[in-house]
Amino acid sequence: RLVELDAIHKRAIADYSFTGFYTALHNFCAVDLSAFYFDVRKDALYCDAPSSLRRRASRTVMDLTFHALVTWLAPIVPFTAEEAFLTRFPSETDSVHLRTFWTAPEGSRDAALAARWERIRTLRRVVTGALEIARRDKTIGASLEAAPTLALADPADAALLQGVDLAEIAITSAAHVAAGPAGEGSFALEDVPGAWVSFANAEGGKCVRCWRVLPEVGSEADHPELCGRCAEAVRLLPPAGEGA
């Protein structure tokens, strides 16, 4: 998405027409970051061990995103961009207005990857729609209490989800992918044909650190209230008083 926005930004500069770019940038902040990426990735940032590759990769993405946002926003909200930049990089001599616009590395556009994740996010809407119904009906209080099954009619959709943790991107404690169609009473969205969701409650105990409901909670002798991941992360933390 950053690469796509970079291309829009370059066209806006070439055409000296910025309204469309800043509309796209606002949508990126509201939809891609706030409603999706930050929502999904906060679990890894808060709960993974500091040395976790997933957590470190997330921090790298957020670092790139920060530099892109503050430089792209600098001409339109100069004081806000400067405040954000200097809060992170305090300086008496540096300024975001002395930096050049963030640009994507040459050859970094991956159209197939963009199309794959656009479809995955569409399928995710079916899962989150089912969770909203469960919350409305007081079946669950939070999405982490759920373990839905996503049934898919098209094997190509199932292939797109291979290697993707559906529970992670749906913010549930467990999630399963099955061949569709699903049984009676399953949830579907009219604008996403070929996808159905069957609801189920997550089984197990609630980890007091990440709040996931997992069967393994209680199996760690030294941390009986934690899941395996959180117990391992806590073991890797320095003893109290020795710093982070």
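Trainee: How are helix α1 and α2 packed, in angle and axis distance?

Mentor: In this predicted model, helix α1 (residues 2-15) packs against α2 at an angle of about 160°, and their axes are 9 Å apart. Axes here are lines fitted to C-alpha atoms, for helices over the stretch in contact, with angles from 0 to 180 degrees between N-to-C directions.

Trainee: Why is α1 called roughly antiparallel to α2?

Mentor: Set the angle against the classes: under 35 degrees is roughly parallel, over 145 roughly antiparallel, 65 to 115 roughly perpendicular, and the rest oblique. The angle is about 160°, so α1 counts as roughly antiparallel to α2.

Trainee: Which residues make the contact?

Mentor: From α1 come Leu2, Leu5, Ile8, His9 and Ala12, and from α2 come Phe21, Ala24, Leu25 and Phe28. Contact means heavy atoms within 4.5 Å. Helices are DSSP runs of H or I with at least four residues, strands are E runs of at least two, and both are numbered from the N terminus.

Trainee: How many aromatic pairs does a search of the whole structure find?

Mentor: The search finds 8 aromatic pairs. One of them joins Phe21 and Trp72, at 5.6 Å centre to centre with 90° between the planes.

Trainee: What makes the pair of Phe21 and Trp72 edge-to-face?

Mentor: Rings of Phe, Tyr and Trp (its six-membered ring) pair if their centres lie within 6.5 Å; planes under 30 degrees apart are stacked, over 60 edge-to-face, and the rest tilted. With 90° between the planes, Phe21 and Trp72 are edge-to-face. The pair links distant parts of the chain, as Phe21 is in helix α2 (residues 19-47) and Trp72 in helix α3 (residues 53-73), 51 residues apart.

Trainee: Are Phe21 and Trp72 buried or exposed?

Mentor: Buried means under 20% relative accessible area, exposed over 50%, and partly exposed in between (1.4 Å probe, protein chains only). Phe21 has 1%, so Phe21 is buried, and Trp72 at 0% is buried too. Phe21 and Trp72 also belong to one aromatic cluster with Tyr22 and Trp102.

Trainee: Why is the pair of Phe36 and Trp117 called tilted?

Mentor: Their planes are 55° apart, with 6.5 Å centre to centre, and the pair is classed as tilted. Phe36 lies in helix α2 and Trp117 in helix α5 (residues 111-136), so the pair ties together parts 81 residues apart in sequence. Phe36, at 12%, is buried, whereas Trp117, at 28%, is partly exposed.

Trainee: How do you know that the charged end of Arg121 sits over the ring of Phe36?

Mentor: A charge sits over a ring if NZ of Lys or CZ of Arg is within 6 Å of the ring centre and within 35 degrees of the ring normal. The charged end of Arg121 is 4.4 Å from the centre of the Phe36 ring. Lys206 likewise lies over the face of Trp211, at 4.9 Å from the ring centre.

Trainee: What makes Asp154 partly exposed?

Mentor: Asp154 has a relative accessible area of 38%, so Asp154 is partly exposed. Asp154 sits in the loop between β1 (149-152) and α6 (155-160).

Conventions:
Residues numbered from 1 in each chain as written. Predicted model: local features only at pLDDT ≥ 70, side-chain atom pairs only at ≥ 80, totals over all residues. Heavy atoms only, no water.
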